[in-house]
Amino acid sequence: MNTATKSEKVVVLGAKSLVGEELLAAAQKGGREAIALTRKALPADSEGVRWHATAQLDELAGAGIPLALCVAHIWVIEEHIPAMKAAGVNRLVALSTTSRFTKQTSSSESEQADWKLFEESEARVHAACAASGIGCTILRPTLIWGNGQDKNVTEIARMIGRLGFFPLFGAAKGLRQPIHARDVAAACLQAGVSDAAAGRDYNISGGEVLPYRVMVERIFAALGRKPRTPSIPLPLFSAAVRVLKVLPRFRKWTPDMAVRMNQDQDFDHSAAAADFGFAPGPFAPTKADLQSEGS
């Protein structure tokens, strides 16, 4: 594996996201200075982290920052590439998602629009980086979880906490590879200093492949509860979705969510392992992993 010299400065776009917070922690641990960008309220600067509003990216022109890690929505990145180039960026790592593949067969118009948006955004980011002379790497994580902040594993845990059970559909045997946000952050940093990764895209997945049902059972175990997973007929769920969609919390629910419990969504990450040493951990949540601060 051929890697460049470790960058001492790094721009993190989307720094207040789940992966962004893990990136800042990893950058600090590795002795890098992180320039953290967010559209949200700015926290106070801390050792090794300087906060800026995303709109102030132009003010970093000439700052000599060679690496940008973009963990905000990929469709917002293109507009910031000229400013990144002016700041000295010559390598960029951006996050997309494997959902651009898993939702291609969805019957939902909104999910069809989602995967097309990711596909088109990836192409635009690559084109803009090529035009600016920036080496671009796009990482597509699978089901991200961690720190009680994700919308996947934590949402299952919350439902278990409220209801005492979690409904499954059929055998719920579809394969999953949950990846901790910490491993996504590590992949971003590793890819950002890898010559082999420049100009390439990678699927990055968790270190363990397990059926959906087993994933849910481990969440029960982490919460100290006995698994209660009643089987719900798909027609009943479809009817419930039509009712629940009137509520903002459930407006993106579709019957395809139940179908996907029995569809494999595992992705090989051997290319990432070979090119920049990606080595994710297994799915072994604790109760602390499933609870956000203050919960």
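User: What's the mean pLDDT of the protein chain, and what share of residues reach 70 or more?
Analyst: This is a predicted model. The mean pLDDT of the protein chain is 91, and 96% of its residues reach 70 or more.

User: Where is the pLDDT below 50?
Analyst: Residues 1-6 fall below 50 in pLDDT. In the model that stretch has 17 contacts beyond near neighbours in sequence.

User: OK. How many helices and strands in the protein chain?
Analyst: The protein chain has 10 helices and 11 strands. Its radius of gyration is 20 Å, close to the 19 Å that the globule rule gives for 295 residues, so the chain is as compact as a globular protein of that length.

User: And what box do the C-alpha atoms fill?
Analyst: Roughly 60 × 40 × 35 Å, taken along the principal axes.

User: What fraction counts as buried, and what does the chain expose?
Analyst: Of the 295 residues, 48% count as buried. The chain exposes about 13600 Å², with carbon and sulfur atoms supplying 54% of that area.

User: Contacts between residues at least 6 apart: what share join residues at least 24 apart?
Analyst: That share is 76%.

User: Now the inside. How many residues are in the largest nonpolar core?
Analyst: The largest nonpolar core has 33 residues, and V19, L23, L139 and F276 have the most contacts inside it. Helix 6, residues 181-192, gives the most to this core, with seven residues. Another core lies apart from it and has 27 residues, including V153, F220, L223 and F237.

User: What does L95 touch?
Analyst: Not counting residues up to four places away in sequence, L95 touches V19, C70, V71, A72, I74, L139, P141, V184 and C188. V19 and L139 are also among the residues with the most contacts inside the largest core. L95 lies in strand 5, residues 91-95.

User: Is L95 buried or exposed?
Analyst: Buried, because its relative accessibility is 9% and the cut-off for buried is under 20%.

User: Switch to T137. Where is it?
Analyst: T137 is in strand 6, residues 135-141. T137 is buried, with a relative accessible area of 0%.

User: Which side chain does T137 make a polar contact with?
Analyst: The side chain of R91, at 3.3 Å. Leaving aside neighbours within four places in sequence, T137 is in contact with R91, L92, V93, A94, A191, A197, A198, G199, R200 and Y202.

User: Which residues of helix 5 are buried?
Analyst: V153, T154, I156, A157, M159 and I160. These buried residues pack against strand 7 and helix 7.

User: Why would positions three or four apart matter in a helix?
Analyst: An α-helix has 3.6 residues a turn, so residues three or four places apart point the same way.

User: What happens just after helix 5?
Analyst: G164 takes a positive phi of about 85° there.

User: Which residues other than glycine have a positive phi?
Analyst: N147 is one of them, with phi near 60°, and A172 is another, at about 50°. N147 lies in the loop between strand 7 (144-145) and helix 5 (153-163), while A172 lies in the loop between helix 5 and strand 8 (175-176).

User: Are those two buried or partly exposed?
Analyst: N147 is partly exposed, with a relative accessible area of 23%. A172 counts as buried, at 0% relative accessibility.

User: What about E217 in helix 7?
Analyst: Helix 7 covers residues 212-222 and includes E217. At 31% relative accessibility, E217 counts as partly exposed. The C-alpha atoms of E217 and T229 are separated by 8.4 Å, and the two residues are 12 apart along the chain.

User: Last one: what is G20 in contact with?
Analyst: Leaving aside neighbours within four places in sequence, G20 is in contact with V12, G14, A15 and V71. G20 lies in helix 1, residues 18-29, and is buried, with a relative accessible area of 0%.

User: And how far is G20 from P167?
Analyst: They are 32 Å apart, C-alpha to C-alpha, and 147 residues apart in sequence.

Notes:
Residues numbered from 1 in each chain as written. Predicted model: local features only at pLDDT ≥ 70, side-chain atom pairs only at ≥ 80, totals over all residues. Heavy atoms only, no water. Helix = DSSP H or I, 4+ residues; strand = E, 2+ residues; numbered from the N terminus. Buried < 20%, exposed > 50% of the residue type's maximum accessible area, 1.4 Å probe, protein only. Polar contact = N/O pair within 3.5 Å; in protein donor to acceptor, adjacent residues only side chain to side chain. Contact = heavy atoms within 4.5 Å. Core = buried A, V, L, I, M, F, W, Y, C linked by side-chain atoms within 4.5 Å. pLDDT = per-residue confidence, 0-100. Rg over C-alpha atoms; globule rule 2.2 N^0.38 Å. Areas by Shrake-Rupley, 256 points an atom, 1.4 Å probe, with all protein chains shown as cover.
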